[in-house]
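Here is a short briefing to read alongside the structure. Have a look at the fold below, and then we can walk through it together, starting from a single residue.

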Amino acid sequence: MIDFTNGSLFKLTHCDPSEVEPQIAGLLLDGERVLVAAKTIRDFVAFTDKRIIAVNVQGITGKKRDFSSLPYSKIQAFSVETAGSFDLDAELELWFSGLGKVRFEFKGRFDITYLGKLIAHHVL
């Protein structure tokens, strides 16, 4: 399981879902779709219509990967923080039953309000 307490692990930028979908295709359920994706240099997070899949690429070659599946049904609360004038990072904090807090930081122009609406749609 990814150590989500390490804030520097996920400083994400938006990417096209088609960039990451082939890497998680074997994990997706029939009909499950990637709606939003974001990545670092090697790691990425995919927000599907059923869950969040966080992928931590490990090792020098990057062949070893940790796939963490975070179902929307286990989210108890969430917080969205938009970017400001000087603090250009947006943040999403999620509190999961049995796991605790998971935090994702998004760099640059990322539509965090859309992501907040997506989470709300699946949680509320």
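Glu-91 has a relative accessibility of 15%, and the cut-off for a buried residue is under 20%, so Glu-91 counts as buried. This glutamate sits in strand E7 of what is a predicted model.

**Around Glu-91**
- Leaving out residues up to four places away in sequence, Glu-91 touches Ser-79, Val-80, Glu-81, Arg-103, Phe-104, Glu-105 and Ile-112.
- On one strand pairing, Glu-91 has Glu-105 of E8 as its bridge partner.
- On another, Glu-81 stands opposite Glu-91.
- Glu-105 is also the bridge partner in E8 of Lys-11.

**Neighbours of E7 in the sheet**
- Seven bridges link E7 with E8, and the two strands pair in the antiparallel sense.
- One of the residue pairs between these strands is Leu-94 with its bridge partner Val-102 in E8.
- E7 and E8 make a hairpin with three residues between them, and Gly-98 in the turn has a positive phi of about 85 degrees.
- E6 pairs with E7 over six bridges, again in the antiparallel sense.

**The whole sheet**
- Which order do the strands take in the sheet? The eight strands of this open sheet are arranged E5-E4-E3-E2-E1-E8-E7-E6, and the pairing is mixed.
- E5 (64–71) and E6 (75–81) stand at the edges with a single partner strand each, so one side of each has no neighbour in the sheet.
- From one strand to the next, the twist averages 25 degrees.
- E1 and E8 are paired in the parallel sense, over two bridges.
- E3 and E4 run antiparallel and are joined by four bridges, with Ala-54 in E4 as the bridge partner of Val-45.

**Nonpolar cores**
- The largest nonpolar core has 22 residues, and those with the most contacts inside it are Phe-47, Ile-52, Leu-92, Leu-94, Phe-104, Phe-106 and Leu-115.
- Two or more residues of this core come from each of E2, E3, E4, E7 (90–96), E8 (100–106) and H2 (112–123).
- What does Leu-94 touch, beyond its neighbours within four places in sequence? Leu-94 is in contact with Ile-52, Ile-75, Ala-77, Phe-78, Gly-100, Lys-101, Val-102, Phe-104 and Ile-119.
- A second, separate core has 11 residues, among them Val-20, Ile-24, Leu-28 and Ala-37.

- In helix H1 (residues 17–24), the buried residues are Pro-17, Val-20 and Ile-24.
- Viewed down the axis of H1, these buried residues fall within an arc of 80 degrees, so they line one face of the helix.
- The strands that the buried residues of H1 pack against are E1 (11–15), E2 (34–39), E3 (44–48), E4 (51–58) and E5.
- H1 lies across E1, E2, E3, E4 and E5, and runs at about 95 degrees to E2.
- H2 lies across E2, E3, E4, E6, E7 and E8, and runs at about 165 degrees to E6.

**The chain as a whole**
- How many helices and strands does the chain have? There are two helices and eight strands, and along the sequence they follow the pattern β-α-β-β-β-β-β-β-β-α.
- Of the 124 residues in the chain, 43% count as buried.
- Among contacts with a separation of 6 or more, 40% are between residues 24 or more positions apart.
- The chain exposes about 7000 Å², of which carbon and sulfur atoms supply 51%.

Notes
Residues are numbered from 1 along each chain as its sequence is written. This is a predicted model: local features need pLDDT of at least 70, side-chain atom pairs count only at pLDDT 80 or more; totals for chains, interfaces and linings use all residues. Side-chain values use heavy atoms; hydrogens and water are left out. Buried means under 20% relative accessible area, exposed over 50%, partly exposed in between (1.4 Å probe, protein chains only). Contact means heavy atoms within 4.5 Å. Accessible areas come from the Shrake-Rupley method with a 1.4 Å probe; for residues, only the protein chains shown count as cover. The arc is that of the directions from the helix axis to the C-beta atoms. A nonpolar core is a set of buried Ala, Val, Leu, Ile, Met, Phe, Trp, Tyr and Cys residues joined through side-chain atoms within 4.5 Å. Two strands pair if DSSP finds at least two bridges between them. Axes are lines fitted to C-alpha atoms, for helices over the stretch in contact, and angles run from 0 to 180 degrees between N-to-C directions.
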